[in-house]
Amino acid sequence: MTITTVPNRVKILKDKFTQSLGLPFQELLPESEIQKIIDELQIKFRCRLFDPFVTLWAFLSQVLDVDKSCHNAVSRVITYRRE
């Protein structure tokens, strides 16, 4: 892989995730992988709307969003919950 193809791949992934509905990082970073780290760190949490999984997926989506607004991230969470 050359240096010029890495930015192209990053752009393709970014475009794919910003155009998708819901929380696209759910597929890329599954709950089971996040749970392993939570267990390893012995973190306790309650099952809520914004649990660690949804919070992380929404945050990553917000970072990649063009306007980086919290409003768009929450909209993605609502779409995810409807699915």
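I37, L41, I43 and F45 make up a nonpolar surface patch with about 370 Å² of accessible area together. Patch members have over 30% relative accessible area and no salt bridge, and nonpolar side chains (Val, Leu, Ile, Met, Phe, Trp, Tyr) are joined within 5 Å. A salt bridge is a Lys or Arg side-chain nitrogen within 4 Å of an Asp or Glu carboxyl oxygen. Areas come from the Shrake-Rupley method with a 1.4 Å probe.

This is a predicted model: local features need pLDDT of at least 70, side-chain atom pairs need 80 or more, and totals for chains, interfaces and linings use all residues. Residues are numbered from 1 along each chain, and side-chain values use heavy atoms, without hydrogens and water.

**Patch residues**
- I43 sits in the loop between α3 (31-40) and α4; helices are DSSP runs (H or I) of at least four residues, numbered from the N terminus.
- I43 is partly exposed at 44% relative accessibility (buried is under 20%, exposed over 50%, partly exposed in between).
- F45 is partly exposed too, at 32%.

**Aromatic pairs**
- The count is 3 aromatic pairs (ring centres within 6.5 Å; planes under 30 degrees apart are stacked, over 60 edge-to-face, the rest tilted; for Trp, the six-membered ring is used).
- F45 and F53 have ring centres 5.7 Å apart and planes at 80°, so they pair edge-to-face.
- F53 is buried at 3%.
- W57 and Y80 are edge-to-face as well, with centres 5.9 Å apart and planes at 70°.
- That pair links distant parts of the chain, 23 residues apart: W57 in α4 (residues 52-64) and Y80 in α5 (residues 70-82).
- W57 is buried at 1%, and Y80 is buried at 15%.

**Cluster**
- F45, F53, W57 and Y80 form one aromatic cluster.
- F45 also belongs to the nonpolar patch.

Terms used: Buried < 20%, exposed > 50% of the residue type's maximum accessible area, 1.4 Å probe, protein only. Helix = DSSP H or I, 4+ residues; strand = E, 2+ residues; numbered from the N terminus. Patch = residues over 30% accessible without salt bridge, like charges linked within 9 Å, V, L, I, M, F, W, Y side chains within 5 Å.
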